Amino acid sequence: MENMDCVVIGAGFHGLAAAKHYLCSQPDHSVAILDSQASIGGTWAEERLYPGLKTNNMFGTYQYPDFPMESGKYGAEPGRHIPARAVHEYLKSYADQFDLTQLIRLNTKVVSAEHQEIDGGWILNLQCNGETSTIRTRRLIVASGFTSEPNRVSFVGQENFGGRVFHGREFHQNADTVKAGQSATVYGSTKYAWDAVYAYATAGADVHWVIRANGHGPCWMTPPYVTPLKQRVEFLANTRLLTWFSPCIWGSEDGHPWIRRLLHGTIVGRFITNLFWKILSSDVLALCNFDSHAETKKLKPTLNAMFAGTSFSILNYDTDFFEFVRNGQVKVHLAEIDRLSQGTVHLSDNTSFESESILVHTGWKKVPPMKFLPEGIEVELGLPHEQTGQLAKADFGSNMELLQRADREILSRFPRLQDQPACLDSYVPTSQLQGIAKSETSTEYNKLTPFMLHRYILPPASRFLRHRDIAFCGMVMNFSTPILTHVQSLWVAAFMSGNLDRDVTSNISDPGALEELQYQTVLNNRFGKWRYPVDWGNKAPAFIFDAVPYYDMLLRDLGLPYKRKPGLLSNLLDPYGPEDYQDTTAEWLAKHRPWKQTK
C-alpha cells in the first residue's frame, strides 16, 4: 500500500490550487493529485472542450490571483471572452509553474475513500487503466467540483430513435454532429444548452430547442455590458457597494453590518433594495429585447432576477444569438419530450419533428464522484444523502429543530425572502415526467439533504475536525472561480497546518462551542434554500453578489486584510478582481514560517 501525506482529488482549477497551497504550507509533505480524466483542467479538460466554448468572464477576471494569464496566447485577448483552449493551456502552465505536473495521475478514479477512526487519515481504493491499487493518506482534499458526474436521462422509445442521444458532457466526442444540414435537438435551458444551440446554428444546422414547460424556465442571459454606465457583469457582482443589496447571511463579515440591517431590515431599505433589482433586471431584459418577437419571447426568464443563482449567464457569442431564433433556424418549444420514435421527437403539446441527434443537458450530480466509507459516513461528512427514518445525531441536514431555528433567523433578518418565486409552485422534477424512461435525478430534489459544510469546506463533525484530515474545495459555484479556489485553498492549507488565526474548529472539546459551530453551519447552508432556491443554491452553495463578503470571511479567518484596496471609495466602488488577492499567499506565509507548522 502506498502512503502519502496528502491526496487531492481533481486536477481542475480547484485541485491544482489546493495542491499548490498545501505544498506552500507544508513543503516537505508528499502530495498526489488524482483525476479520472485523460487530461488536466476539470471542466476545461481536453476531452470536454466542445465547439465554441468560451468563458463567461472576459480576459483578466478568469485567472489565478498569483498567476496572470498571458495575453495573445491561444486567442486570449483583453476585452474578449477567453476561448476554452486558452483556459486549458493556461492550467497546464500553472501546473508547470508550481511544479505540480509530476504529481498528477490521470485516468485514475477514486472508487472509495474509507476513514480511519482511531488515528485519522483515509484509505483510497483506485482504478487506473483496468488495474486497482490502494493509497493510505493522512489528509484528503476533495476538489472534484460540481461538474464531474452528469445526471443522465433516457426517454420513452429511445431504443427506437436510431440517432445519437448524449449528455452535454460528451459534446466534444459528438462534435461531428455539428454540421450543415443536420437536424439537431437540444434539451435543456442552462448555459450549456444555449452554447449547444449556437454551435449547431452557426454551423448551418436546423435546431429544435426543447425547454421544459414544467421547469424553472430559461436561465437569465445578459449581454457582457449592462447598466447605462456599460459595466461588465462580473464587475458588478464583485463591487462591494452593490453586494449590500443582496440578502446575505454572512454579509456582516465585510465590516458594514449596519448598512445591511438598514437595507434588509427596514421597510425603506427593502424598497430601495427591490428598486435596485428591478432596475438591474429591466436593463438586462431591455438589452436582450425578448418581447420584440414571438419566438424570442419564449426565452424570456420567468424567475425574479434577485433569486437567480449561478445559472445567470452571459451572451458571449460572436454574432447575434437571437437572430437564429427570429429567422426560424432555431425553433423553441416550451414543452416536454413525450417519447421518441424512429428519427422523430414527439412533444407533450402534440408537436413532432424529425431529428438526427439529441443533446441532453439535465445537469450534474451534486455529490462527489466516489463512495465514502464506512457506510453512512456521508451524514457526518455533511454531504447530500437520503434521509432515513432514524435521525442520526450528526444528520444536521434533516434535523427539523435546527432547520426551523435557522429559518426563523434567516426570515427575521431578511423578510424579503419570504416571498419566494412563483415558478417553484409549478415545478416538476425531471424524474417524474411521463416521457422519461429512466433518470438519475430521482432523489435530487425531494430526498437528498443539502450540503452541510462549515465555511462550505469542512465537515462539522468532531472526528474530522480533530484529525484535520479532510476538506472540500470547489463545493461552491460563483462568477469568479479562480479567486474562489485561490482563497479557499489557502484557507484549507492553513486549517490543515493548524495556522488559522480565527479557528472556530479549535475548541471542539467544548460541547457548547461544537454545537454553535454546527448551528452556524446549518444556518449558512440553509440560507441557500431561501436565497437561491431554483438552481444550485437549494442543495449546494451557489451565489453571485455574495462572493466578496465570503472572501472577506475566509481572509479574516486567515488573519489577513480583507479590504484589499487603498481608500474607502475604491473599496466600495471599484470591483474586486484577481489582482486584489495576488499577495494573500505571501502575506500568510510571512506570518507562518515552515518551522511554525504542525507536522
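Visitor: What makes β19 and β20 a pair of strands?

Guide: The cut-off is at least two bridges found by DSSP, and 3 bridges join β19 (residues 344-347) to β20, so the two count as paired. They run antiparallel; His346, for one, has Ser352 in β20 as its bridge partner. Mind that this is a predicted model, where local features need pLDDT of at least 70, side-chain atom pairs count only at pLDDT 80 or more, and totals for chains, interfaces and linings use all residues. Residues are numbered from 1 along each chain as its sequence is written, and side-chain values use heavy atoms, with hydrogens and water left out.

Visitor: Why are β18 and β20 said to stand at the edges?

Guide: The sheet is open, in the order β18-β19-β20. β18 (337-341) and β20 (352-354) each have a single partner strand, so one side of each lacks a neighbour in the sheet.

Visitor: Which strands are the edge strands of the sheet with 5 strands?

Guide: Its order is β10-β21-β11-β12-β17, with parallel pairing. β10 (164-167) and β17 (330-334) are the edge strands, as each pairs on one side only. Inside that sheet, β11 (residues 183-187) and β12 (residues 206-211) pair over 5 bridges, with Val186 facing Trp209 of β12 as its bridge partner.

Visitor: How do you know that the length of α14 agrees with a helix?

Guide: The expected span is 1.5 Å times one less than the number of residues. For the 12 residues of α14 (residues 547-558) that should be 16 Å, and the end C-alpha atoms are 17 Å apart, which agrees.

Visitor: What makes α14 mostly covered?

Guide: Buried means under 20% relative accessible area (exposed is over 50%, partly exposed in between, with a 1.4 Å probe and protein chains only). In α14, 11 of its 12 residues are buried, among them Tyr550, Tyr551 and Met553. The cover includes α5 (240-243), α6 (257-265), α12 (481-496) and α16 (584-591).

Visitor: Why are α1 and α16 called roughly parallel?

Guide: The axes of α1 (residues 13-25) and α16 come within 11 Å and cross at roughly 25 degrees. That makes α1 roughly parallel to α16, because angles under 35 degrees count as roughly parallel (over 145 is roughly antiparallel, 65 to 115 roughly perpendicular, the rest oblique). As for contact, meaning heavy atoms within 4.5 Å, Lys20, His21, Cys24 and Ser25 in α1 meet Thr585, Trp588 and Leu589 in α16.

How values were computed. Helices (H or I, at least four residues) and strands (E, at least two) are DSSP runs, numbered from the N terminus. Axes are lines fitted to C-alpha atoms, for helices over the stretch in contact, and angles run from 0 to 180 degrees between N-to-C directions.
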